[in-house]
Amino acid sequence: MSDVSEAQPPGPLGFPDPGPARFSSVPEVRERLAATGYLADEGIAGVVHLADRLAKPVLVEGPAGTGKTELAKAVARATSSRLIRLQCYEGLDESKALYEWNYKKQLLRIQAQRVVEQDGDGAAPRDLEPSSWHDLEDDIFSEEFLLARPLLEAIRATDPVVLLVDEVDRVELETEALLLEVLSEYQVSIPELGTVRAERVPLVFLTSNNTRELSEALKRRCLYLHLDYPTLEREREIVKTRVPAISDELADQVARIVRSLRTMELKKYPSVSETLDWARTLVVLGVESIDAEQAKSTLHVLLKYRSDLERAAKELSAEEPSKGR
Amino acid sequence: MLDVLTGFVGELRQAGLPVSLTESLDAAEALHHVPLEDREALKYALGATLVKSSAHWKAFETAFEVYFSMRGPQFEIDDGVATDQALEPDRQQGAGAPSGGGGGEPLSDEELAEMLYRALLAANDAQVAALARQAVSRYAGMEPGRPVGGTYYLYRTLRNLDLDRLLDRMLAAVRSDAPEGHLTALEERLARDELSERLDRLRKEIEDEIRRRLVADRGTEALARSLRKPLPEDIDFMHATRDELTALRRAIHPLTRKLAVRLARKRRHGRKGPLDFRSTMRHSLSTGGVPVDPKFRYPRPARPEIFVIADVSGSVAAFARFTLHLVYAISSQFSKVRSFVFIDGIDEVTRFFEGVDDVGEAVHRINTEADVVWVDGHSDYGHALGVFWERWGEEITSRTSVLLLGDARNNYHASQAWVLSEIRHRARHVYWLNPEPHSYWGSGDSIVGEYAVYCDEVFECRNLRQLEQFVSELA
């Protein structure tokens, strides 16, 4: 941590300066996301707007297949930024997430130095003099020998970028700490080189499937967005946007059946992506309007557990639903 | 605004949400960037900065409604007689609205019901909201300063509206609109779900209205205190309402998944075993025979065998169900799980769980099929334990952990605590989980103290949080 003291002057509100606004208002966020094919509701658009204004990362949590990763991609498209993606997995470490020294190149550099010295006075190789050693050290720990990994790359980028840290709940609790400096200060400290600070604060999205609690420290630094299954109306619109070949009537039926499925007690509820798959299946099969038989024979696109399938088939064809209000 | 915000944050903390100082600073900052008159935007801004877990969203919503319900022109309270503007046009053409005289007169009960029916059928949200307000002012009978809770008013309003009949009527209407005069089973089901959801929205609208009026009457803080509800992981098993039980059931599935992931991880990482000489030598070949990178054996901790003995009599049934659910969901962490349930008779129920991929279903079958009544269907721990020892006692080995679930309220039967002492001699551990608060133990016919001397430990296990903690330590 060489030069924390000269941290950027805080903005007028005591926050890091977020730079020029990417979006001017919440409705604009919605419009521009919609133009890229992502239908945001009030909450999503509001949080994206805030993330831009407050220069804070967004932690997106929710069931699988509700469009968490898609949101980051859509924002990147809408702001015409480059998307830098860090896919998390167990065992992710500093050298894969932040940076690594290109030690092969460093070795080459040292050997090249020796060759130069040999050629210089024709003597046998000998130990380096202290001063040239110092030069060499400065030399091999320079930017030239640095391999930037996603986090550093996002910080150093001069063009607009969106950083996506995908499935952050997969890394171990200790590894989360790697992210903290990047997320709150938008800087990376490299002991040999000093601190690299972002020239332009990137928009950061973290996604989590909620397989474990994230640490308080991480949550504290983020805005929180819970992406749940969409409402009937929004789901219908999503189906229509993403599967343009579908008729209005069929889209409506699809959305309504999926909504009904989500009120049942199932092990896993159908996700938005599965809804879309189902809609595509129906279009391909040339279905105009769904009846119970067709629904039953294509349900396996939506539901992935045998017990769920049986229950859904039973409930959808039962005259009186078994569960009372 | 700042005062409201600090009060609001205080309330959230009171409700059990961990809101840190930086988070409330973020919230204050966020307020600069949203139009304050837009209530939804305000809500999302505060939610994104203050609430960091989806389980807490509900508590946040309640607090938000209380704190910010009074701040907005459309939420002004109108009193009964003055009919809402939104209602006027419809009223003129409404079936049997003969008043004709400019709308000064109040609606009759039948008119109100009729209009509600039409508005719901047409999914006209604004009108439903207006009618909900009307209904509250008419039926709830709210008087200032009356010390009753919101649920009482809610009950009164809903009783007068008779939503079940409304649902049937709407279904009938949808049915007669159908092209062939009747609906297929699928369409019927969809229509029913659709209408039920609209009714739910109406119910919520009414609740909101009642809450707004209560805030006006009693002030924000007093009401927030009385509306505070426990978070799902803090719901008491023994006193959960039906809705809360549903919430618990929904919460338990993700919880078990989380637990399984964590336990599997714990097994793989962390402790290292002794040096694995063979592997080290093998890997040293790549460094010319110099053992640079020592390899260690993976520890293979013994997987315990679990015997669950659960009281499933009425008072503690919910608790037993959740515990069984949780234990079986992570059964891959144990070498064997066997379960027994009793009231005054005892029965082994392991077979229900074999080859079933839906634990919930299996737990449900236990309730209906297990043979657990011996004489009168009142808990008799003594007899149940006696029979257990006779029939299955031999099968307990030194690798077995025995879990007993129950409140040990024995209806003054003999305790037969000697059985536990025998079990303890054979088993590795004996734990007792009691869903009652610690302070009730040993009162009345509770004899948990008599059993406790033979247990390794007795745990108070009143909610999911405590249960999860115990199970994760067990594995």
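Leaving out neighbours within four places in sequence, A:Leu33 is in contact (heavy atoms within 4.5 Å) with A:Tyr38, A:Ala40, A:Leu71, A:Ala74, A:Val75 and A:Ala78. This is a predicted model, so to speak for local features a pLDDT of at least 70 is needed, side-chain atom pairs count only at pLDDT 80 or more, and totals for chains, interfaces and linings use all residues. Residues are numbered from 1 along each chain as written, chains are lettered from A and ligands numbered from 1 in the order written, and side-chain values use heavy atoms, with hydrogens and water left out.

**Cores**
- The largest nonpolar core has 55 residues, and A:Leu33, A:Leu71, A:Phe205, B:Phe8, B:Leu46 and B:Leu50 touch the most other members.
- A second, separate core of 43 residues includes B:Phe319, B:Leu324, B:Val337 and B:Val349.
- A nonpolar core here is a set of buried Ala, Val, Leu, Ile, Met, Phe, Trp, Tyr and Cys residues joined through side-chain atoms within 4.5 Å; buried is under 20% relative accessible area, exposed over 50%, and partly exposed in between, with a 1.4 Å probe and protein chains only.

**Helix α12 of chain A**
- Residues 272-285 make up this 14-residue helix, which reaches 20 Å from first C-alpha to last, close to the 20 Å expected at 1.5 Å a residue (1.5 Å times one less than the number of residues).
- Helices are DSSP runs (H or I, at least four residues), numbered from the N terminus.
- Its buried residues are A:Val272, A:Glu274, A:Thr275, A:Leu276, A:Trp278, A:Ala279 and A:Leu282, and they pack against α10 (232-242), α11 (248-263) and α13 (292-298) of chain A.
- Just past the helix, A:Gly286 has a positive phi of about 75 degrees.

**Helix pairs in chain B**
- α1 (residues 2-14) and α4 (residues 57-68) pack at about 150 degrees, axes 10 Å apart; axes are lines fitted to C-alpha atoms over the stretch in contact, and angles run from 0 to 180 degrees between N-to-C directions.
- On the α1(B) side, B:Val4, B:Gly7, B:Phe8, B:Glu11 and B:Leu12 meet B:Phe60, B:Ala63, B:Phe64, B:Tyr67 and B:Phe68 of α4(B).
- α17 (residues 381-392) and α18 (residues 417-426) pack at about 40 degrees, with axes 9 Å apart.
- B:Leu385, B:Gly386, B:Phe388 and B:Trp389 of α17(B) make that contact with B:Trp418, B:Val419, B:Glu422, B:Ile423 and B:Arg426 of α18(B).

**B:Glu197**
- B:Glu197 sits in α10 (residues 185-218) of chain B and is partly exposed, at 29% relative accessible area.
- Its C-alpha is 53 Å from that of B:Gln416, 219 residues away along the chain.

Definitions and conventions. Helix = DSSP H or I, 4+ residues; strand = E, 2+ residues; numbered from the N terminus.
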